[in-house]
Amino acid sequence: MYTLKDIIVIDVFGLSVTSSCHFMSLDNVSMFITGETGIGKSTLIDTLFNTNLKDKKSSHFYSNVGLKIQTYELQESNVQLKLTVVKTVGYGDQINKEASYQPIVEYVDAQFEAYLQEELKIKRSFIDYHDSRIHVCLYFISPTGHSLKSIDLLTMKNIDNKVNIIPLIAKADTISKNDLQKFKCKIVSELVSNGIQIYQFPTDDETTAQGQLPFAVVGSMDEVKVGKRMVRGRQYPWGVLQVENENHCDFVKLRDMLLCINMEDLKEQTHTQHYERYRCCKLEKMGFTDVGPDNKPLSFQEIYEDKRQKFYDQCQREEEELKQKFMQRVKDKETTFKESEKEASTLI
């Protein structure tokens, strides 16, 4: 079951974000946040949008994986963003993790189905329609430093043809720089060897972004004093980790890519690749095709008439079969009745 959506109006964006990004085009953004409980999903989203989205901490004691759906209306001056965040709840907490990906697949397909149903209506209203299709999945990877877990490979393998996956190494400050780089290479190698497709940046961005995946991120809403200025970061006995310092983590790269540079491409990939794939499979299952038996193009009217005729013929066959069965049962009853009459007459 999906939880009820929360609609909150928040009058703040990060100044460093809005000064360099074009939010006017991001009127509607839907993202899936997937990862184990307590890995820092909520904190990173708060940091990403520089606001407190008032999300409660999740428990580890869920018998099944659930989804938490929240819609936020973020606003600053004349800039508005309708953000839908779908987070996994209890992900990775079960002993049997084989079906952990199923709620994700079902939800993504349900949004595709809702859009398809709107598309097939006689009177469509896409101007007022809230497109809830998922544009990106931020997949949080535990900072083990060794390799991907089986649940990571299983989930990403089952959703990579439905959504744009951007893998993130969560709590990256728990790994040294050298180990982090080795861990990144190991993750990329495992993704390739398992045939898992992650989001491919546009060609002109590949040199700066694709080679840096998965992004190693750290989230924090705390302000820490560094020299004479206050920065968002984490205070440790050995020093301060600055969230927006690119030498410390990849948070800025993720934010710029997600909100400034590539969001329109993510939305386009969602529509032209993932939704189109779902639409084609769905229409084929419904019996629609582009060409007939002779490989000649078929119009929608021809397909409709053909299906209508086939349905009519099927009804006629079933009706005839029912008639035959009825007549046979009547004959059987008549035979039984006559035999009973004969037996009765002999007794008299």
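## Lys 171 and its loop

Lys 171 lies in the loop between strand 6 (165–169) and helix 5. Helices here are DSSP runs of H or I with at least four residues, and strands are E runs of at least two, numbered from the N terminus. The phi angle of Lys 171 is near 45°, a positive value in a residue other than glycine. Buried means under 20% relative accessible area, exposed over 50%, and partly exposed in between (1.4 Å probe, protein chains only).

## Model and confidence

This is a predicted model; local features need pLDDT of at least 70, side-chain atom pairs count only at pLDDT 80 or more, and totals for chains, interfaces and linings use all residues. Residues are numbered from 1 along each chain as its sequence is written, and side-chain values use heavy atoms, with hydrogens and water left out.

The mean pLDDT (the predictor's confidence in each residue, from 0 to 100) of the protein is 83. Of its residues, 85% reach 70 or more. Confidence is highest in strand 5 (residues 136–141), at a mean of 96. Confidence is lowest in helix 1 (residues 15–18), at 38. Over residues 1–20 the pLDDT is below 50. Beyond near neighbours in sequence, this stretch has 58 contacts in the model. Contact means heavy atoms within 4.5 Å.

## Overall build

The protein has eight helices and 10 strands. Of its 348 residues, 42% count as buried. Among contacts with a separation of 6 or more, 70% join residues 24 or more positions apart.

The protein exposes about 20,600 Å². Carbon and sulfur atoms supply 52% of that area. Accessible areas come from the Shrake-Rupley method with a 1.4 Å probe; for residues, only the protein chains shown count as cover.

## A cis proline

The peptide bond from Leu 213 to Pro 214 is cis, with omega near -5°. Pro 214 sits in the loop between helix 5 (177–193) and strand 7 (215–216).

## Helix 2 against helix 6

Helix 2 (residues 41–48) and helix 6 (residues 251–261) pack at an angle of about 70°, with their axes 11 Å apart. Axes are lines fitted to C-alpha atoms, for helices over the stretch in contact, and angles run from 0 to 180 degrees between N-to-C directions. The two helices are therefore roughly perpendicular to each other, a term for angles of 65 to 115 degrees.

Helix 2 contributes Leu 44, Thr 47 and Leu 48 to the contact. Helix 6 contributes Phe 251, Leu 254, Arg 255, Leu 258 and Leu 259.

Technical notes. Parallel < 35°, antiparallel > 145°, perpendicular 65-115°, else oblique.
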